[in-house]
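Here is my note on the model you passed along. Please keep the coordinates open while reading.

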Amino acid sequence: MENLSGRVAVVTGGASGIGAGIARACGESGMRVVIADIESAPAEKLARELEAAGTPAFAVRTDVTRPGDLEALADAAFERFGAADLLFNNAGVAQGGPIHEFTSADWDWLLGVNVFGVINGCRAFVPRWLERGEAAHVVNTASVGGFLSGPVLGMYSTTKFAVVAYSESLAQELAAKQIGVSILCPGWTNTNLGDASRNRPAGLGTAPDQLEIITPGMAEGMEPIEVGRRALRGVRENALYVFTHPEFQPIIADRFTKVLAALDRAREPVKAP
């Protein structure tokens, strides 16, 4: 899918942060854009901004944890634009703290948005693409946290590891179906992810949050539109992995070095005591 002009992009979590950056990058590339977000006002504001700049766009309030919302989103895209060529499953939230202290409600929230948001999006769009038999592409936003783990952000990384595994499997299943799959793995980006709790459902109650540890890095991070441009480069190149921050390469390489060393150790027989 090298020529993106005139294509239709659907972006979840599209009202702010990386999602808004993707939407703007799609506009730059001459695409039509559907902005899906649980926050209606900023989604509609961005749609008006894109329209004013000459990009056909509209907003759809979407809770990605609800399969019916994703089906309605697909219906809206096909009804308004007659197509949906690219799906960016980008909606995501975070919560920080000791991983053993998170409650079931905490896990339900992050898994619901970060993992089932991707699953629900693919279930709503991929069958339609297969039925039409036309080229399409899905970009699932993971993170460098989908390849790295550590303290405080353990629950977030757990969900992003799941997105990587899901996407790798999906790519293999769709390889012969004209449907590309990319995994977007950004690092520090200037977004409001640290304020993700603003969209935590009231019914789940409040929870301690230690996301202040990521605020400095994010404030000095890459601008979202640059992440969006790199995501589109990945689409054009049909790249499975799309990283944005090469400075994480040594850390990720060290992880895989340790994995390979453990596999080498498995070759050695175990002596009986």
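1. Basis. This is a predicted model, where local features need pLDDT of at least 70, side-chain atom pairs count only at pLDDT 80 or more, and totals for chains, interfaces and linings use all residues. Residues are numbered from 1 along each chain as its sequence is written, and side-chain values use heavy atoms, with hydrogens and water left out.

2. Salt bridges. The structure holds 13 salt bridges (a side-chain nitrogen of Lys or Arg within 4 Å of a carboxyl oxygen of Asp or Glu). One of them joins E28 and R229 at 2.7 Å, N to O. E28 sits in helix α1 (residues 17-28) and R229 in helix α7 (residues 224-237), 201 residues apart. Helices here are DSSP runs of H or I with at least four residues, strands are E runs of at least two, and both are numbered from the N terminus. E28 and R229 also belong to a salt-bridge network with E226 and R230.

3. D75 and R128 meet in a salt bridge at 2.8 Å, N to O. D75 lies in helix α3 (residues 67-81) and R128 in helix α4 (residues 104-132), so the pair ties together parts 53 residues apart in sequence. D75 is partly exposed at 41% relative accessible area, and R128 is partly exposed at 21%. The classes are buried under 20%, exposed over 50% and partly exposed in between, with a 1.4 Å probe and protein chains only.

4. Surface patch. F256, V259, L260 and L263 form a nonpolar surface patch with about 360 Å² of accessible area together. Patch members have over 30% relative accessible area and no salt bridge; nonpolar side chains (Val, Leu, Ile, Met, Phe, Trp, Tyr) are joined within 5 Å, like charges within 9 Å. Areas are Shrake-Rupley with a 1.4 Å probe, and for residues only the protein chains shown count as cover. F256 lies in helix α8 (residues 249-266).

5. Backbone. Which non-glycine residue has a positive phi of about 75°? V152 does. V152 is in the loop between β5 (136-141) and α5 (154-174), and V152 is buried at 19% relative accessible area. Q178 also has a positive phi, near 65°, and is not a glycine. Q178 lies in the loop between α5 and β6 (179-185).

6. Last pair. D264 and R267 form a salt bridge, with the closest N and O atoms 3.4 Å apart. D264 is partly exposed at 43%, whereas R267 is exposed at 69%.
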